[in-house]
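Open the model in a viewer and keep the selection tool at hand.

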Amino acid sequence: MHALRYDAYGATPSLLELPDPECPDDGVLVEVRATGVCRSDWHAWQGHDPVPLPQVPGHEFAGVVVAVGDRVARHRVGARVTAPFVCGCGRCSFCAAGDAQVCPDQSQPGFTMPGSFAELVAVPAADLNVVVLPDDLDFVSAAALGCRFATSYRALTAHGRVGPGDWVAVHGCGGAGLSAVMIAVALGARVVAVDVSPAALRLARELGAEVVVEGGPDAASQVVAATDGGAHVSLDAVGTTETAVGSVSCLRPRGRHVQVGLLLGEHATPPLPMGLVVARELAIHGSHGMSARDYPPMLDLVASGALQPRRLVGSVISLDRAAEALAAMGRPAVAAGLTVIEMGRADRTSYE
Ligand SMILES: [Zn+2]
Ligand SMILES: [Zn+2]
């Protein structure tokens, strides 16, 4: 199969002919049709998040099942599928409870095993991890659901328990934040979007944000003023000390903060205002992807047209431009949208 592989951290990845992956006994082999390019792939390539080398990146994909292991009951060759970026082991108590996203023995394509910048990718524990796609959902849109979109969906539903009329503050309008704006609006919430970039705030407005606030030390008080006493739910979709503290501080009593952005390096332990957490009985959640179990209600909203993941796709490219797209993740590209690699594209690129 053709695949993009890097042999050392930071080394230029190359498109190679590699042996096809083996189909796991409990898994399936998926012929990749589309796969998103994510900043986490860039972090792994740069060595910020150690991975086995050499490595094939890619963790948000959709495709067609071409082989099924002997111990798989629920899946068939020919099915159109996707899988969460965190695959559960299928054996532990967390997986049994449907919470594969926190499985202690999880595997992640592109990080712990070869990923989807390839013609074929193996998915372990397929009965637990593989999601069958609705017939009318195209592969590019399905690939766009895999990572930031599903994470934001779970943050707002399972953790935020967002309902119609709730005020939702979204701190940071990059990929995860803009997904959150779209999802919160679809859930009937009123959205306040916070970002330092006017271009990002413009996109948030286009996706239905009712109020936009310039990021900075005053952001929390502006959110409180705009929401008549604070947001019911607030997401930090960036992962910095300032945005995490701002997100907790902008909540009304009994409000719920959900941390979506990874807090890395100097931001790893933000000084959250725990006095406020006690006085206002706030809840603090972390959100780490979403297991296959939770996909169906999200896919229903996509099928109904309430969620349009395709609107978050900036460009669709062919596999031979994957290395270039991965390198581009290292440069700040405000509101450029998700880049999706579509397999078998004849043309070299197109911007949609
Ligand atoms: Zn990702
Ligand atoms: Zn498990």
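Why does the arrangement of the 4 donor atoms around the zinc ion (ligand 1) count as tetrahedral? Those donor atoms subtend angles of 92 to 126 degrees, which makes the arrangement tetrahedral (four donors, all angles between 85 and 135 degrees).

This is a predicted model, where local features need pLDDT of at least 70, side-chain atom pairs count only at pLDDT 80 or more, and totals for chains, interfaces and linings use all residues. Residues are numbered from 1 along each chain as written, chains are lettered from A and ligands numbered from 1 in written order, and side-chain values use heavy atoms, without hydrogens and water.

Stay on ligand 1 and select Cys38 (SG), His59 (NE2), Glu60 (OE) and Cys147 (SG), which coordinate the zinc ion at 2.0 to 2.5 Å. Donors here are N, O and S atoms within 2.8 Å of the metal (3.2 Å for Na, K and Ca); water is not among the atoms, so sites may look incomplete. Along the sequence, the spacing of these donor residues is C-x20-H-E-x86-C. His59 and Glu60 are both buried (under 20% relative accessible area; exposed is over 50%, partly exposed in between; 1.4 Å probe, protein chains only).

Next, select the zinc ion (ligand 2). Cys89, Cys92, Cys95 and Cys103 coordinate this ion through their SG atoms at 2.3 to 2.4 Å, with the spacing C-x2-C-x2-C-x7-C. The site is tetrahedral, with angles of 102 to 117 degrees among its 4 donor atoms. Cys89 and Cys92 are buried.

Finally, select Val102, which is partly exposed because its relative accessibility is 41%. The C-alpha atoms of Val102 and Gly88 are 7.8 Å apart, with the two residues 14 apart along the chain.

Definitions and conventions:
Four donors count as tetrahedral if all angles lie between 85 and 135 degrees; four count as square planar and six as octahedral if opposite donors are over 155 degrees apart and all others between 65 and 115; anything else is irregular.
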